[in-house]
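Please look over the sequence and the structure shown here before reading on.

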Amino acid sequence: MSKIIQFLTINQNKIEIFQKGKNGTPIIILTGMDCSFDEWYEVTESLSKSNRVIMFHRPGQGASEIRNEVRNTQTVVNEVSELMHSLKLSEPVVLVGHSYGGLQHFVKEHPKKVAGIVLVDSTSVDLKVLDDLDLPVLNEGSTDEIWMEKCHSYSQMTREELREVINPTLTEKQKLLPNDIQQRLISFQINPSLYKAMYSEISNWKRDGDIIKKSVEYLDIPLIVIGRDKEYNIRLGTMEGLPEWELRLFEEKWQGLIMNQVNLTSNSKFIIAQGASHSIHIDRPDIIVQSINKINPLFN
């Protein structure tokens, strides 16, 4: 196997944990909503040479169990706290959060447990403002309600039915990963429990944003905010036949929301990952590794 994987019981669910490396400040990486920790292979291979790296599949993801609990960022906060307790992490950790990771909620609730933060194109607490944009083509078939309906439908299917409907594929870069990682990435996409979890997370994420905004601030915890490449994403969209004016309107608003995250702490920096889509961990893993390495001296 290319990874060190184990299972822990967290909040009554058997949770799939990835750990690699033994030294340095522990780094906990929180993945996006439909993202496997296997996608972070290049990042973890590099960081584990100097640090202990920890990731986990939230309930419903990968081999992690899910019951009928509500999936929201408060649940993620509780899971990360229990994970740190189970792994006997007594020192503050570096937290890395991609997209919907629940990181911002955790930091505001437990700032003393955090030594540094890296936000990777992380969903803004103000994401509901995106709903106000006039994007007739981009919004067609992609509202929260439509995604929830689709996730509910997928959650009722078998793996083989999902394989037929979704036709899971890998990116060209993912095809360069070890074979066992490739197989796990395919399996991740055809798990009905994944869509059960996503249904709940999507239904709560705007309410979560309002709750996080009302929480206390981050004080002076070192923070690096990484945003995707706006122009690169516009080019990708136009190649798919989407209207450039809609793409530009959306990407400019998204980048503005991401840039505003530097205000979460008084000790922050903003970086654009040139040539990267929302999946910065796949397109530019080097940027994430460099940012985490920059964070380390700031708190040591």
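In what kind of crossing, left-handed or right-handed, does H8 pass H9?

## Basis of the report

This is a predicted model, in which local features need pLDDT of at least 70 and side-chain atom pairs count only at pLDDT 80 or more, while totals for chains, interfaces and linings use all residues. Residues are numbered from 1 along each chain as its sequence is written, and side-chain values use heavy atoms, with hydrogens and water left out.

## The helix pair H8 and H9

The crossing of H8 past H9 is right-handed; that term applies if the near helix is turned clockwise from the far one by less than a right angle, and left-handed if anticlockwise. Helices (H or I, at least four residues) and strands (E, at least two) are DSSP runs, numbered from the N terminus.

The axes of H8 (residues 230-239) and H9 (residues 244-259) come within 9 Å and cross at roughly 150 degrees. H8 is therefore roughly antiparallel to H9, a term used for angles over 145 degrees. Axes are lines fitted to C-alpha atoms, for helices over the stretch in contact, and angles run from 0 to 180 degrees between N-to-C directions.

Contact means heavy atoms within 4.5 Å. On the H8 side the contact includes Lys-230 and Ile-234, and on the H9 side it includes Leu-247 and Gln-255. The residues of this contact divide into 2 nonpolar, 4 polar and 6 charged; Ala, Val, Leu, Ile, Met, Phe, Trp, Tyr, Cys and Pro count as nonpolar, Asp, Glu, Lys and Arg as charged, and the others, Gly among them, as polar.

## The sheet

An open sheet of 8 strands has the order S1-S2-S4-S3-S5-S6-S7-S8, with mixed pairing. Strands S1 (5-10) and S8 (268-273) stand at the edges with a single partner strand each, so one side of each has no neighbour in the sheet. From one strand to the next, the twist averages 25 degrees.

S7 (residues 223-228) pairs with S8 in the parallel sense over 6 bridges; two strands pair if DSSP finds at least two bridges between them. Ile-226 stands opposite Ile-271 in S8. H9 packs on the sheet, where it touches S7 and S8, and its direction makes about 175 degrees with that of S7.

## Two residues compared with the cut-offs

Gln-255 lies in H9 and counts as buried at 15% relative accessibility, whereas Lys-214 is exposed, with a relative accessible area of 74%. Buried means under 20% relative accessible area, exposed over 50%, and partly exposed in between (1.4 Å probe, protein chains only).

Technical notes
Parallel < 35°, antiparallel > 145°, perpendicular 65-115°, else oblique.
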